[in-house]
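The sequence and the structure are shown first.

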Amino acid sequence: MSTSTPESSPRAPVLEVFASIQGEGAFVGEPQVFLRLRGCPLRCRWCDTPGSWTLPAAATARIALRERARREDAWATPFQAACWIAEAEPGGARTVSLTGGEPLLWPAFLVALKPMLGARRLHLETAGAHPEALARVLLACDHVSLDLKPDFDLDAPVELDHALVTRERVPVDAAEWARVRAQCLRLVAGRDACGKLVVSGGRDPERYAAILDEVELHAPDLLVIVQPATAMGGVEAPAIELVDAVAEMARDRELRVRVLPQLHRVLGVP
Ligand code: SF4
């Protein structure tokens with residue numbers, strides 16, 4: 001029998017809890033409730049949540065309710081986070097999208113959160129840089145949205161120095177990324193999951209071939225979402241010809257593929 005109590009549960013730093021419409025991945029368009037955790041060692045050039053990267057000493061969490069938002073101490077137990085989720089979702093229970101930041105920095109929190117959510121599905125959005133943590137949390141997740149990170153669109157990582165962060169280091173070069181992507185793909189193969197490949201402008205489509213080869217080899221049934229990058233921070237949006245070429249390369253490998261822009265950008269919702 002577990003001796004865990006809400007007070008002794010593993011904590012994680014929450015950035016925000018809010019209800020919105022899922023803008024990416026296999027469940028795009030579904031009203032969900034989002035639990036966004038702080039902390040990310042990666043530096044994707046197209047990142048739209050750089051405010052989630054660090055763990056400020058006096059961090060607070062924004063809990064967005066229908067009428068207003070309030071601030072709480074960021075370090076939450078799974079029980080506390082589940083209470084905020086129930087407060088933030090209008091109407092009946094929604095699927096919970098656990099996002100970040102990188103939620104796999106906090107695997108113990110994730111595993112302890114699942115039984116607190118009742119009948120809600122728990123969907124994990126991950127960068128796919130921590131295969132050991134992914135293996136640990138897999139059974140707690142009803143769906144995994146796994147980023148297929150092109151290492152050529154990442155700046156050097158910055159590891160977080162905090163006692164509760166997973167000790168697993170992130171990949172630092174192309175060879176390490178290839179090994180880690182393969183590990184993550186093998187873990188999600190045959191599961192309720194999708195792989196998200198962000199395509200930025202000005203690239204040769206052949207640069208994405210190795211990632212598609214890895215999917216074909218390790219998880220051939222995985223739904224691949226080709227997502228055109230949103231222009232920001234010096235990253236260009238891709239021409240449709242480039243997006244189309246990458247989608248065709250996926251089809252050439254007999255992969256299931258969808259092209260989806262970020263819907264929340266179109267709708268103007270968080
Ligand atoms: S993994 Fe996510 S939060 Fe981290 S830098 Fe990349 S896009 Fe931003």
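At what angle do helix H4 and helix H5 pack, and how far apart are their axes?

## Packing of H4 and H5

Helix H4 (residues 174–188) and helix H5 (residues 209–218) pack at an angle of about 35°, and their axes are 9 Å apart. Axes are lines fitted to C-alpha atoms, for helices over the stretch in contact, and angles run from 0 to 180 degrees between N-to-C directions. The crossing of H4 and H5 is right-handed (the near helix is turned clockwise from the far one by less than a right angle).

On the H4 side the contact is made by Ala178, Arg181, Ala182, Leu185 and Arg186, and on the H5 side by Ile211, Glu214, Val215 and His218. Two residues are in contact if their C-beta atoms, placed from the backbone, lie within 7 Å. By class, the contact has 5 nonpolar, 1 polar and 3 charged residues. Ala, Val, Leu, Ile, Met, Phe, Trp, Tyr, Cys and Pro count as nonpolar, Asp, Glu, Lys and Arg as charged, and the others, Gly among them, as polar.

## Model and confidence

The model is predicted: local features need pLDDT of at least 70 and side-chain atom pairs count only at pLDDT 80 or more, while totals for chains, interfaces and linings use all residues. Residues are numbered from 1 along each chain as its sequence is written.

The protein chain averages a pLDDT (the predictor's confidence in each residue, from 0 to 100) of 94, and 97% of the residues score at least 70. Over residues 1–7 the pLDDT is below 50, and this stretch has 4 contacts in the model beyond near neighbours in sequence.

## Overall fold

The protein chain has 7 helices and 13 strands; these are DSSP runs (helices H or I, at least four residues; strands E, at least two), numbered from the N terminus. Its C-alpha trace spans about 50 × 35 × 35 Å along the principal axes.

## Ligand shell and backbone

Around the ligand are Cys40, Leu42, Arg43, Cys44, Cys47, Thr49, Ser52, Gly100, Gly101, Glu102 and Ala127, each with its C-beta atom, placed from the backbone, within 6 Å of it. This shell divides into 5 nonpolar, 4 polar and 2 charged residues.

The peptide bond from Gly100 to Gly101 is cis, with omega near 10°. Gly101 is found in the loop between strand S7 (96–99) and helix H2 (107–113). Glu254, in the loop between helix H6 (240–252) and strand S13 (256–259), has a positive phi, near 60°.
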